[in-house]
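Welcome! Here is a short tour of one protein model, feature by feature. Have the sequence and the 3D view ready as you read.

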Amino acid sequence: MIGKLIDVPRRAVAGLGAALVLACAVLLAAMTDSTMQPLPASAPSGEFSAARARTHLERFATEPRPIGGAAAERARNYLVAQLRAAGLDVEVQRAVGANASTGLASFGLVRNIVATRRGDDPTGTVLIAAHYDSAAMGPGVSDDAAAVAAMLETVRALGDTPLRNDLVLLMSDGEEDGVLGAQAFVREHPLGRAGGVLLNWEARGVSGPSLLFETSRDSAGLVEAYASAAPRPRGDSTMAALYRLLPNNTDFTPLTAAGFQGLNFAYIERSSHYHTAGDSLANLDAGSLQHHGATMLALTGALGAADLPALRTDHDATYFRLFGVLITYPDALVWPLAGLAVAAVAGLAVVARRRRLLSVPRLVVAAVSGLVPLVVSALLAQGLWELLVAWRPAYDGMGGLLHRPDAFRAAVVAQSALAVLAWYLLLRRRLGPAALAVGGLAWPAALGVLCAALAPGASFVFAVPVLFCALGGLVALLVGRPLAAAAALTLGAVPAAMLLSGLARVVLDGMGLALGGAAALVTALLALLLLPLAELPLREPGRSTGRRYGRGAPVRGLRPALMVLIVPVLIAAGLADDRFDARNPGRTHLAYVMDAGTRTASWVSADPQPPAWTRRYVTARDTTALPPGYARGTTLWTGPAPTMDRPAEPRLTVLRRDGETIELRVSAGRAARSLTLRIERPITEATAVTAGAAPVTVRVAGARANTWPGEVRFRGLPDAGARITLRVQGADKVRITAIAETDGLAAVPGFVPRPPELVPATREDGELIAITRTYVV
């Protein structure tokens, strides 16, 4: 019982035809996932224009805007003036935002911009949210100034169009330091506690379509509204389902936790510029800005006129694009669809068994062994990343998000395809092609069931391809005519090619090559689904063979040994193409650290292998000269540095000590923007109080790794300082190192700026002048 599902007279032609159809399907999927054509400033006044929105970016997004900095104040003044000129009621909420993670309490004095436009007959509130602060390393044009500019252009385009519902624009502060502004908004502002419908806008790259990548729970009504209102809806529920399982968050997280129902959007391509100086106007894709804004305008109009309570549902929706159409269905259909996929595979196995193309034992072995190429594919992809980092250590600091990764991505795909091919060729004569083809459907079918249980929104990406592939196989077996059978197999594989290739692209865009194993796994699953088509150009096992394709094409004609060479060729091409230059710079970490008590100063870098420019400052892996508690990690490079005259110096005064409770008065000096406290013992609670803002308390669990276990950060610390109350575990005496942090290194004597092919790394303690003083409490 060893046979092919179908055989055709012109095998090479059939195989080539199937390959062309699938290539067209993949190309169609990529084309229909594109952005929008940007509209010029001369576009009709009622339409969103990327060119008009860009004018705002030129006014407020040309420099970094970290929380508490002068650039953030300049941007805030501009935005407030524009919103007031548009006729909205505007206020600036001043509050202390707070967040906690393992061993760390983060605070920040935020200034949120809250603009309102009252509706004619409101059924609720539509809240549009984006953050106007940026990471300290770059101007944050995409993350997230583009969305803020889109808000201004949306308000302009709306003009006097009547809206039924109240419209609130939240331009939050401090998102980059732990969603501090959004947290303060929901904690203290009346509108933050009122609930409503939320549209949040983000970016993780500088180009690509605006994707709906996250939804709140029970959001089926909102997804339907998006599908009907958005001019070019993009994204699918796989992203939303998987994002819920990750520790990442945006302003969307505290806002939906406070009761808002919402949708979260972002574009994620060319993510190598994320949180760097490369997130600039020069790199912004105008089509991405247009897509962001056109979607924002359409949804604002639709939701502004809707009966918002009617959009509330008690279930989620699955949504995805196929053949350019956004398909949606309620989560009640997730389990039936996953079950249908399993039933279709079982039906295909029964028919193939009755046709004596496979046996049950061989089918079981084929299905179980199918795990091998999946695991091997993931391991090869992770091994490829380790190889690239070993060859080019600068890649490590980029987190897998490379400037020109196409050749490396192709290598990941090739490795996965070769892993499946090797497994297939090794077992083809022993188990039979039909057993391998049907058994290969088992793992994606099982993943469809697993996702139905754990991440329902992601089940479709496996269940739908398996269902169509299995149905295509059944039709092929039942129709009897070879050409019709080949067409059925090919058409059944089209949804798999479109959906899984799209998922692999999104995974690579969002996670990068450092987690390339995830994309490799998706690619290997696609290869398993396409095994019946791989059989088209091949003879039945054991038949006589020739040396050419067409009649009697042998399995060995595939020359798998030669095909393996494509991987090193792609790697070499990638290394030759992806070189650092002024347009696509590398990253390096550097900080200046001075102990105000001992008057000793050091340069510090966390680069695994510092580039030549950085090595002029750091010379050895010796951290003994660093202040107590400053060093984080064991791979720091250091070098002697000149001392600074009269730098911004931290001050810490003990106001009260009562057992484990320590109350402190802290300040950082006029030039410093932020203060960090490293504490020798773990902390369990921290409270921050500043003049004119309500006190905020956070509970802290765990300990910081590879440094002192407790840490408190206060971003945007006012000149007058703050009062910090800590609960510290154990010990009568506790050392606390206070670190006053000033952005930039230009004030350090003798500092030579970076060459254009280098930008500051994204590590939060880089590109800082850090002046420390250690206290014993």
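## A partly exposed phenylalanine

F323 lies in the loop between strand 8 and strand 9. Its phi is positive, about 55°, although F323 is not a glycine.

Before going on, note that this is a predicted model, where local features need pLDDT of at least 70, side-chain atom pairs count only at pLDDT 80 or more, and totals for chains, interfaces and linings use all residues. Residues are numbered from 1 along each chain as its sequence is written, and side-chain values use heavy atoms, leaving out hydrogens and water. Helices (H or I, at least four residues) and strands (E, at least two) are DSSP runs, numbered from the N terminus.

You can find E767 in the loop between strand 22 and strand 23 (768-776). With a relative accessible area of 18%, E767 is buried.

Now look at D143 and D144: a cis peptide bond joins them, with omega at about 15°. D144 belongs to helix 4 (residues 141-158).

## Buried places

Which residues of helix 7 (residues 220-229) are buried? They are A220, G221, L222, V223, A225 and Y226. Their cover includes strand 5 (197-203), strand 6 (211-215), strand 7 (261-267), helix 10 (286-304), strand 8 (317-322) and strand 9 (325-330).

F252, in helix 9 (residues 252-257), is buried too, with a relative accessible area of 1%. Leaving aside residues up to four places away in sequence, F252 touches L198, N200, E214, T215, S216, G262, L263 and N264; contact here means heavy atoms within 4.5 Å. F252 and L198 are 54 residues apart in sequence, and their C-alpha atoms are 8.1 Å apart in space.

## Rings and charges

How many aromatic pairs does the structure hold? There are 16. Rings of Phe, Tyr and Trp (its six-membered ring) pair if their centres lie within 6.5 Å; planes under 30 degrees apart count as stacked, over 60 as edge-to-face and the rest as tilted. The Y617 and F751 rings have centres 5.8 Å apart and planes at 25°, so this pair is stacked. Y617 is in the loop between helix 23 (612-615) and strand 13 (637-640), and F751 is in the loop between strand 21 (735-743) and strand 22 (758-760), so the pair ties together parts that are 134 residues apart in sequence.

R615 has its charged end over the ring of W637, 4.8 Å from the centre, and R678 has its charged end over the ring of Y630, 5.9 Å from the centre. A charge sits over a ring if NZ of Lys or CZ of Arg is within 6 Å of the ring centre and within 35 degrees of the ring normal.

L515 is in the loop between helix 18 (482-511) and helix 19 (516-529). At 47% relative accessibility, L515 counts as partly exposed.

Notes:
Buried < 20%, exposed > 50% of the residue type's maximum accessible area, 1.4 Å probe, protein only.
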